[in-house]
Amino acid sequence: MAKILVVAEQYLGQLRSATLSAVSAARAAAEKTGGDYAILVLGSNVGEVADKLTGYGASKVLVADNPVLERYLAESYGKVVADVAKAEGAELVLMTSTTTGKDLLPRVAARLGAGMASDITEVLGAKAFKRPMFAGNVIASVEVTTPVVVASVRGTAYSPAEATGGASAKETVSADPGTPKTKFVSFDETKSDRPGLTEARIVVSGGRGTKGDFKPIEQLADALGAAMGASRAAVDAGWVPNDMQVGQTGKVVAPELYIAVGISGAIQHWAGMKDSKVIVAINKDGEAPIFQGADYGLIGDLFKVVPELVDEFKKAGVGA
Amino acid sequence: MKILVTAKRLMDPETKIKLKKDNSGVDLEGVKFVVNPFDENAIEEALRLKEKHGGEVVVVSIGKPEVVEQIRTGLAMGGDRGIHVNADGEIDSDAVARILAKLVEEEKPDLVLMGKQAVDDDSSQAGQLLAEYLGWGQACFASKVEVNGTTATVTREVDGGLETLELQLPALVTADLRLNEPRYASLPGIMKAKKKEVKEVTPASLGVDVAPKVKVTGVTVPPARSAGKKVESVQELVQMLKTEAKVL
């Protein structure tokens, strides 16, 4: 029977929906091992986040509310999560593999003397998991040998947990965040009316073929109410910000529809989108590797084809 | 300032993957090896900081004697000297972090720069583990690093935007791809690198037990997506998405 602790992610008192993938993974792990899971919410003024999370079948929702925790810092958050995990006797600590999850969990593992499995896609047992390596070209089975286990959860492998009704008890935990040596300076938020890349039902991505002109990609994304992504080549060229990058070294997405425009389809890009339900490729090079795995391929110049496609979608009355 | 950087040896990411016959791991026989691309960004940044502030860049790699090749690459780019931690077999992220922690105790660098992840196991753990073992601050996924005396101001690529942190030195920074464009080693650089000092140590000489906390017990190749249809027009594409794929 494994005691599981799920670390919730919030930003300035707003729940990050990615949290619900870790809850799904915790359910799967609890079922496999006959254990149960608690959810830990930490931050400043996080009462509402905690209330929301009482409806997800946790044995309890632990709340560490402290003004010092207003801004995420790996040092203070790492200490609090590890202290709570110890106090609760947690054997498995889970969090979704967002940039915060990736930044934080190894520090928690170090404090707990735990081995950590990154980006798990399947729970095989309390200490055994499947996880992708080599840009997703290899699926490894891994076994953690330490008494306590830490794992980050690949969001696309676990659909967000549904609320189950019922109310988990809330419990305030005292948390000493210590004195971090790092200071938060600023957060420059990417402003966008489009849905988030990892949550969107449709994603439209542009690559080298755009030659830096992302207007067609924007228009297509807007016509479909889709999120906008990019290949590493487009990010490397400085055409779009890095948080739009889909791939091994960027975000991993699995929408219902992924439209790759002017993207050749390098291994590292496939790693970020190959679990999409339907993949459409638009590229003027008929030999581009993107066509080898796309469900629908259209050979053509994106600057001609995409505006036509936008019109056609509008005519068909689909999208936003 | 003194900077410690890592140069992990790994299979060229463009290589087609082959598994070992017993599915215990990836077959690395006869493949080409390179420096982890993100470590190249880290090395480049270390060199730029040295060019600006003076100091020394020490290049570290862990593994069999072959990893000295990757150390030499870092030295050819401009690193001053190397440390080879001679170790055989699987070394997991936690062992890497504990080895590096020992080297930091000896070398006392002001900054440790590493890649944000190694593109073979894709774990993205060693830097953060190291920072915790040392009790240091960290800034992972860095796209900008500025050192001002005893602090460093680092911009990080995070979900939803860019975060800026002020780190007290010594500290740990991991490099994201937009941090810089790594330089190529020049021919004179390569010649000079051959004469630069590379010290050899072992996990045992550092007092580090490398028994893995995470073991790979088997590997498989996921089923490949097969090529679908080529459509001739945007009209046909929209029709297919509506009636066949039913995703609209």
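Me: Which residues does A:Asp275 touch, not counting residues up to four places away in sequence?
Reply: The model is predicted, so local features need pLDDT of at least 70 and side-chain atom pairs 80 or more, while totals for chains, interfaces and linings use all residues. Residues are numbered from 1 along each chain as written, with chains lettered from A and ligands numbered from 1 in the order written. Contact means C-beta atoms, placed from the backbone, within 7 Å. By that criterion the residues touched by A:Asp275 are A:Thr156 and A:Ala254.

Me: Is A:Asp275 buried or exposed?
Reply: A:Asp275 is found in the loop between helix H7 (267–273) and strand E17 (278–283) of chain A; helices (H or I, at least four residues) and strands (E, at least two) are DSSP runs numbered from the N terminus. A residue is buried with 20 or more other C-beta atoms within 10 Å of its own, exposed with 12 or fewer, and partly exposed in between, C-beta atoms being placed from the backbone. Because A:Asp275 has 21 C-beta neighbours inside 10 Å, it counts as buried.

Me: How many of the 15 residues of H1(A) are buried?
Reply: Helix H1 of chain A covers residues 19–33 and is followed by A:Gly34, whose phi is positive, near 70 degrees. Its buried residues include A:Leu20, A:Val23 and A:Arg27. H1(A) is mostly covered, and the buried count is 11.

Me: How far apart are A:Asp275 and A:Pro147 in space, C-alpha to C-alpha?
Reply: In sequence, A:Asp275 and A:Pro147 are 128 residues apart. Their C-alpha to C-alpha separation in space is 33 Å.

Technical notes. Expected span 1.5 Å × (residues − 1). Contact = placed C-beta atoms within 7 Å.
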